[in-house]
Structure formats: structure tokens, C-alpha cells
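Please keep the sequence and the model in view while reading.

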Amino acid sequence: MSSKATVFQQHARGIAGVRPAGEAALCRRCAEDPFVLSLVPENPPWDVPHRLLASVQFLILGGEAADYRVEPDPWSAFLDILHAHEDRVVDFVRRGPIQTNEVQRCFALLPLFLTVARTTGRPLDLLELGVSGGLNLFWDRYRYRYREGTWGDRDAGLALTGEEAAPVPGALLTEEVRVVRRRGIDLEPVDAAADAGFRLLASFFGADARRVDRLTRAVSAMGDERPELLRGYYLDLLPGLLADAATLSS
Ligand SMILES: C[S@@+](CC[C@H](N)C(=O)[O-])C[C@H]1O[C@@H](n2cnc3c(N)ncnc32)[C@H](O)[C@@H]1O
């Protein structure tokens with residue numbers, strides 16, 4: 001089996017039971033289809049299937065293609081989209097980074113932020129590496145439900161729950177935090193509040209309505225505020241930004 005086919009097979013195994021039904025089967029068929037495999041580069045990175053599916057979803061969200069999932073023969077409809085938009089698909093697959101700005105990650109991050117706040121007793125100056133649209137920089141605007149308690153505004157538009165391997169201590173959830181700055185670095189930052197940016201981010205969530213809903217609520221939680229998104233390679237920019245952070249806190 002070619003390495004191109006292998007990444008699709010591996011992706012199918014990785015998403016089984018996690019992503020909406022049908023997506024893993026679609027990836028298995030992609031692994032066997034010469035036309036689909038012709039669209040991806042030789043020795044493709046692991047995320048190529050993710051990009052290919054996102055490229056099709058991007059066209060669907062923009063009204064440029066019909067949703068193949070609701071067609072009588074979804075596989076044929078999927079292939080038709082790839083044929084009709086071959087150049088766009090190839091460009092999307094080969095060029096852009098994957099843009100999964102997933103605020104569910106804040107469910108795991110919050111206890112760490114609270115621990116830093118408690119330990120230092122100082123406000124937080126946030127700097128995210130690989131920030132995408134910056135939605136995780138607004139973690140303090142969301143509501144969280146853990147086994148031993150809750151944190152955040154009870155009227156927040158986005159509430160996060162999840163599994164805890166060990167319970168987050170209830171005492172930690174009494175901690176109050178002040179965020180003084182929200183910055184991030186990305187090779188290709190995304191304006192999540194703009195139509196084009198939202199469409200790009202949503203395209204990576206495919207038909208997963210729960211993830212798209214989280215995305216919508218997270219964008220709304222920003223209100224009129226925007227994170228400071230810096231374009232660049234994070235190892236190049238980080239030293240200067242850390243020096244700036246030291247100035248802020250001194
Ligand atoms: C999978 S997204 C994750 C976005 C966000 N951190 C989250 O958890 O929701 C990874 C992001 O990292 C960015 N990225 C990857 N390597 C980078 C680098 N060396 N310098 C800056 N950004 C990078 C990509 O452009 C992409 O937006």
C-alpha cells in the first residue's frame with residue numbers, strides 16, 4: 001500500500017467512534033481511489049486526510065458545493081465535488097496548516113491557569129504558540145463544570161464539561177483570575193470573527209454540529225474584543241515577546 005493510502009487508512013482508524021459516522025468509511029474509500037490519491041502530495045504528512053475533508057467542507061459552507069452527505073450516493077457526490085473543484089482542493093490540501101481552534105481544550109487548561117494564578121498571586125499575561133484564531137485566549141469568559149464544582153460566569157454563552165482522570169480540586173475552583181493581555185503567534189493567524197475566518201475554522205469541524213456550536217459560542221464570547229495575533233514562526237518571535245512580558249510584569 002502507498003504511503004498516500006496509508007495516511008487515509010490511519011486517519012480512518014484514528015477517527016472511528018470520535019468523528020461523525022460515515023467519515024471513517026469515507027477515508028477508507030479515499031485510500032483506495034486513484035483520483036483522490038492523485039490530489040495529495042507524495043509522502044504526505046499525517047494531517048492530509050484532515051485537510052482534504054476540510055477543503056470539501058469549506059466549499060460546502062461557502063455554498064459552492066452541495067452537501068454530499070445528504071445525496072442518495074454520498075461517495076459519488078463527494079467525488080464529483082473533488083472533480084469540479086480540483087485546483088482549489090489541491091491548493092487547500094498542500095498549502096494551509098490545519099486550523100482546529102478547539103476551545104474544548106480549555107477544559108483541561110483551566111486548572112493549570114488557576115494554579116498559576118494561585119501560585120503567583122498575579123494577573124495573567126497570555127501568550128499562545130500556534131494560536132490560530134485565538135479563541136482559547138478567552139478561556140476566562142467560559143463556564144466550566146467539573147465533578148467537584150464549577151468556575152466562571154453562570155450566564156456565559158459557552159459551558160464546557162468533560163472527563164476528569166482525577167478530579168479538579170473544588171478549592172482550586174474558588175480562585176479568581178484577571179487576564180491583562182491576550183496574545184498569540186501563528187504562521188497563518190485567523191480572524192475568527194470575520195466570515196472568511198469563521199468558515200475556515202468551521203470547515204475543519206466537518207459535520208460535527210457540537211464543535212461548530214462551540215466555535216460559534218466562543219466567537220460570540222469575544223464580544224468586541226480581539227486577541228493580538230502576530231504572524232510568524234513562534235521560535236523567532238518568542239524571545240522578543242517574552243522580554244516584553246517581563247516589562248509588563250515588572
Ligand atoms: C491545530 S492548530 C491549534 C490551534 C490552537 N492552539 C488550539 O488549540 O485550538 C495549530 C496551529 O499552530 C500553527 N503553527 C504550527 N507551527 C507553527 C510555528 N512553528 N509557528 C507558528 N505557528 C505555528 C498553525 O498555523 C495552526 O494554526
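Arg 211 lies in helix 9, which runs over residues 209-221; helices here are DSSP runs of H or I with at least four residues and strands are runs of E with at least two, both numbered from the N terminus. The model is a predicted one, in which local features need pLDDT of at least 70 and side-chain atom pairs count only at pLDDT 80 or more, while totals for chains, interfaces and linings use all residues. Residues are numbered from 1 along each chain as its sequence is written, and side-chain values use heavy atoms, with hydrogens and water left out.

At 15% relative accessibility, Arg 211 counts as buried, a term that stands for under 20% relative accessible area, whereas exposed stands for over 50% and partly exposed for values in between, using a 1.4 Å probe and protein chains only. Leaving aside residues up to four places away in sequence, Arg 211 touches Arg 19, Glu 102 and Phe 205, where a contact means heavy atoms within 4.5 Å.

## The chain as a whole

The chain contains 10 helices and 6 strands, and its C-alpha trace spans about 60 × 40 × 35 Å along the principal axes. Of its 250 residues, 46% count as buried. Among the contacts in the chain with a separation of 6 or more, 74% come from residues 24 or more positions apart.

## Helices with a buried side

Helix 7 (residues 106-120) has 15 residues and reaches 20 Å from its first C-alpha to its last, close to the 21 Å expected, the expected span being 1.5 Å times one less than the number of residues. Its buried residues are Cys 106, Phe 107, Leu 110, Pro 111, Phe 113, Leu 114 and Ala 117. These cover an arc of only 165° around the axis, which puts them on the same side of helix 7; the arc is that of the directions from the helix axis to the C-beta atoms. An α-helix has 3.6 residues a turn, so residues three or four places apart point the same way. The buried residues of helix 7 pack against strand 1 (124-129), strand 2 (143-146), strand 3 (149-151) and strand 4 (159-160), while the face turned away from the buried side carries the exposed residues Ala 108, Leu 112 and Thr 119. Helix 7 is followed by Gly 121, whose phi is positive, near 70°.

In helix 2 (residues 23-31), the buried residues are Glu 23, Ala 24, Leu 26, Cys 27, Cys 30 and Ala 31. Seen down the axis of helix 2, they fall within an arc of 155°, so they line one face of the helix. The partners against which they pack are helix 1 (3-15), helix 3, helix 4 and helix 5 (74-84). In helix 8 (residues 195-203), Gly 197, Arg 199, Leu 201, Ala 202 and Ser 203 are buried, and what covers them includes helix 4, helix 6 (86-95) and helix 9.

On a 1 Å grid over the protein atoms alone, a cavity is a set of points where a 1.4 Å probe fits but cannot get out, and a pocket is an open set with protein on both sides within 12 Å along at least five of seven lines; lining residues have an atom within 4 Å of a point. Grid points are joined across faces, edges and corners, and a volume is the space filled by probe spheres set on the points. The count comes to 1 cavity of 30 Å³ or more, and about 60 Å³ of space lies in the largest cavity. Its lining includes Arg 19, Glu 23, His 50, Tyr 68 and Ser 203, and helix 4 gives the most to that lining, with 4 residues.

The second largest pocket has a volume of about 340 Å³. Of the 16 residues that line this pocket, the closest to its centre are Ile 98, Gly 130, Val 131, Ser 132 and Asp 186.

## Two residues with positive phi

Most residues other than glycine have a negative phi. Ser 132, although not a glycine, has a positive phi of about 55°; Ser 132 lies in the loop between strand 1 and strand 2 and, at 5% relative accessibility, counts as buried. Asn 43 also has a positive phi, near 45°, and lies in the loop between helix 3 (34-38) and helix 4 (48-61), where Asn 43 is exposed with a relative accessible area of 62%.
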